[in-house]
Structure formats: C-alpha cells, structure tokens
Amino acid sequence: MRQFIYKAREDGLHVLDLKKTNERIAATASFISKYDPARFYLVGNKENAKKAIEKFAGLIGANALSSRFTPGRFTNPARTDFVEPHLVMAVDPAVDKQAVKEAFEINVPVIAICDTNNSLKCLDLVIPANNKGRKSIALLFWTLAREVLKAQGKIAGDEQYTATIDEFEA
C-alpha cells in the first residue's frame with residue numbers, strides 16, 4: 001500500500017493520498033459499469049459495512065453478501081447457494097479473505113477497499129481508504145454509487161443523485 005500513502009505522521013499513523021483515492025473511485029466506477037450488475041457481488045462481513053453495501057447494491061442492481069461468506073459459494077456447484085460472479089468487491093480483503101481467494105481461483109476480477117495495513121495479493125483493483133470506520137465506509141459507497149450510476153447512464157449529473165450519506169451509514 002506504500003504507493004497510496006501520502007505521509008507517515010510522527011505517531012506512526014499513515015495518511016492516505018486522497019487524490020489517489022479519488023482517482024481510484026473514478027476508475028472503479030468505470031470498471032463496474034462495464035459489468036452486468038446481476039453478476040456483481042459485494043462481500044462485506046463487517047458490521048460497519050453491512051448497511052452501506054446493501055444500499056449500494058440496491059442502487060446499482062448488484063448482489064450484497066453482507067453476512068458470513070460460506071466457503072465454496074463461488075467454487076462448489078453442488079452447493080444450493082452457489083453463484084458464478086463476474087465481478088467481486090470486498091470491503092476488507094483481510095476479513096473477506098475467503099471470498100477474495102475463491103474469486104481469484106475462478107479468475108474473476110476482485111476490487112477491494114484497502115487500508116494501509118492490507119495486502120494487495122489476489123486483488124485486481126484497489127481503492128485506498130479507511131475500511132474500518134462506519135462514516136468512511138458510508139462516504140466511500142455513497143460516492144461510488146453516484147459515480148457508477150453516472151457511468152451507467154442512469155443519472156446525468158450529481159444533482160439527480162438523491163441518496164444521502166445517512167442512508168449508507170450503519
């Protein structure tokens with residue numbers, strides 16, 4: 001994550017470069033808009049992320065997996081809840097490592113929100129951001145939803161986006 005760090009403070013806290021975060025949000029929105037939302041799965045097992053990913057998925061027409069990800073969901077066709085995603089997004093690749101691993105195994109692109117302590121292994125696209133705080137997660141998904149809807153052509157501009165950040169916050 002070194003490439004996304006703006007500076008390290010004296011107390012050891014690493015500060016992310018917000019310009020790079022903004023660039024990655026735009027790139028991610030463009031990337032997501034090229035996929036069928038019905039085959040796009042958002043994975044987030046953090047309590048702070050559940051409401052945000054469910055709202056985001058509802059707005060763009062994707063699928064939210066906001067509870068425990070059961071092993072084999074992407075790789076075992078014998079399961080009753082088996083799905084074949086074309087795109088996967090994880091809120092925290094450390095917490096949602098099983099979903100990231102399975103998506104990587106079946107060669108599906110993986111997007112992840114990564115904080116300074118996350119590994120980029122098995123990830124195709126990274127959004128550098130705080131993936132722990134409820135306000136940070138809500139703001140990120142609120143912004144990403146707006147940009148995806150614009151990229152999909154469902155809204156023409158920011159003024160047509162009526163969702164509020166509070167709707168995304170846990």
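## Basis

Residues are numbered from 1 along each chain as its sequence is written, and side-chain values use heavy atoms, with hydrogens and water left out. In this predicted model, local features need pLDDT of at least 70 and side-chain atom pairs count only at pLDDT 80 or more, while totals for chains, interfaces and linings use all residues.

## Nonpolar cores

In soluble globular proteins, nonpolar side chains tend to be buried together. A nonpolar core here is a set of buried Ala, Val, Leu, Ile, Met, Phe, Trp, Tyr and Cys residues joined through side-chain atoms within 4.5 Å. Buried means under 20% relative accessible area, exposed over 50%, and partly exposed in between (1.4 Å probe, protein chains only).

The largest nonpolar core has 33 residues. Phe56, Phe141 and Phe168 have the most contacts inside it. At least two residues each come from α1, β3 (40-43), α2 (50-60), β5 (87-90), β6 (110-114), β7 and α4. Helix α4 gives the most, with nine residues. Helices (H or I, at least four residues) and strands (E, at least two) are DSSP runs, numbered from the N terminus. A separate core has 19 residues, including Val43, Val88, Ala99 and Val108.

Phe56 touches Ile32, Phe40, Leu42, Phe141, Leu144, Ala145, Val148 and Phe168. That list leaves out residues up to four places away in sequence. Contact means heavy atoms within 4.5 Å.

## Largest pocket

The largest pocket holds about 170 Å³ of space. Its lining consists of Leu18, Thr21, Asn22, Ile25, Ala129, Asn130, Ser136, Leu139, Leu140 and Thr143. Helices α1 (18-33) and α4 (134-152) are the elements that give two or more residues to this lining. Five lining residues are nonpolar, five are polar and none is charged.

A pocket is an open set of points on a 1 Å grid over the protein atoms alone, where a 1.4 Å probe fits, with protein on both sides within 12 Å along at least five of seven lines; lining residues have an atom within 4 Å of a point. Grid points are joined across faces, edges and corners, and the volume is the space filled by probe spheres set on the points.

## Cysteines

The model has zero disulfides, a disulfide being a pair of cysteine sulfur atoms within 2.5 Å. The sulfur of Cys114 is 11 Å from its closest cysteine sulfur, in Cys122, so the two are too far apart for a bond. Cys114 is buried, at 0% relative accessibility. Cys122 is partly exposed, with a relative accessible area of 22%. Cys122 sits in the loop between β6 and β7. Its phi is positive, about 70°, although Cys122 is not a glycine.

## Other residues

Asn107 also has a positive phi, near 65°, and is a residue other than glycine. Asn107 lies in the loop between α3 (97-105) and β6. It counts as exposed, at 70% relative accessibility.

Lys46 is in the loop between β3 and α2. Lys46 is buried, with a relative accessible area of 15%. Beyond residues up to four places away in sequence, Lys46 touches Asp92, Val95, Asn131 and Lys132.

Val126 belongs to strand β7 (residues 125-128) and is buried at 6% relative accessible area. Val126 and Ile111 are 15 residues apart in sequence, with 5.8 Å between their C-alpha atoms.

Conventions
Nonpolar A, V, L, I, M, F, W, Y, C, P; charged D, E, K, R; others polar.
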